[in-house]
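Please keep the sequence and the model in view while reading.

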Amino acid sequence: MAKCSVCGKGVVYGQNVSHSNRKTNRTWKPNIRKVKAIVDGSHKTVAVCSRCLRSGKVTRA
């Protein structure tokens with residue numbers, strides 16, 4: 001599932017719009033990485049977005 005376990009960032013829905021203004025559905029998925037992190041004092045593998053990794057919201061194990 002494309003959802004960050006820290007910030008809750010998930011899939012966003014929208015539309016492609018062509019030059020002739022035809023619209024088709026599309027999705028934007030967050031950049032999710034599975035990392036080993038320390039959660040409540042124990043090592044766990046969690047799905048975290050790259051922004052949470054860069055900002056230091058996750059302590060890696």
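A nonpolar core is here a set of buried Ala, Val, Leu, Ile, Met, Phe, Trp, Tyr and Cys residues joined through side-chain atoms within 4.5 Å. Buried means under 20% relative accessible area, exposed over 50%, and partly exposed in between, with a 1.4 Å probe and protein chains only. The model is a predicted one, in which local features need pLDDT of at least 70 and side-chain atom pairs count only at pLDDT 80 or more, whereas totals for chains, interfaces and linings use all residues. Residues are numbered from 1 along each chain as its sequence is written, and side-chain values use heavy atoms, with hydrogens and water left out.

The largest nonpolar core has 10 residues: Cys 4, Ile 32, Val 35, Ala 37, Val 46, Ala 47, Val 48, Cys 49, Cys 52 and Val 58. Strand S3 (32-39) and strand S4 (42-49) each supply at least two residues of this core, and S4 gives the largest share, four residues. Strands (E, at least two residues) and helices (H or I, at least four) are DSSP runs numbered from the N terminus.

The chain as a whole has four strands and one helix, in the order β-β-β-β-α from the N terminus on. S3 and S4 pair in the antiparallel sense over eight bridges; two strands count as paired if DSSP finds at least two bridges between them. Within this pairing, Lys 36 has Thr 45 of S4 as its bridge partner. Two residues lie between the strands of this hairpin, where Asp 40 takes a positive phi near 55°.

Val 48 belongs to strand S4. Why does Val 48 count as buried? Its relative accessible area is 0%. Neighbours within four places in sequence aside, Val 48 is in contact with Cys 4, Ser 5, Val 6, Asn 31, Ile 32, Arg 33, Val 35, Leu 53 and Val 58, where contact means heavy atoms within 4.5 Å. Val 48 and Lys 9 are 39 residues apart in sequence, yet their C-alpha atoms are 9.1 Å apart in space.

Gly 10 is found in the segment before strand S1 (12-17). Gly 10 counts as buried because its relative accessibility is 18%. Residues up to four places away in sequence not counted, Gly 10 touches Ala 2, Lys 3, Trp 28 and Pro 30. From Gly 10 to Cys 49 the C-alpha distance is 9.3 Å, across 39 residues of sequence.

A disulfide is a covalent bond between the sulfur atoms of two cysteines. With a disulfide taken as a pair of cysteine sulfur atoms within 2.5 Å, the count comes to zero. The sulfur of Cys 4 has its closest cysteine sulfur in Cys 7, at 3.6 Å, which is too far for a bond. Cys 52 is likewise in no disulfide, the nearest cysteine sulfur, that of Cys 49, being 3.5 Å away. Cys 4 counts as buried at 4% relative accessibility, and Cys 52 is buried with a relative accessible area of 2%.

Finally, the overall dimensions may be considered. The C-alpha atoms fill a box of roughly 55 × 20 × 15 Å along the principal axes. The chain has a radius of gyration of 16 Å, whereas a compact globule of 61 residues would have one near 10 Å; the radius is taken over C-alpha atoms, and the globule rule is 2.2 Å times the number of residues to the power 0.38. Buried residues make up 20% of the 61 residues.
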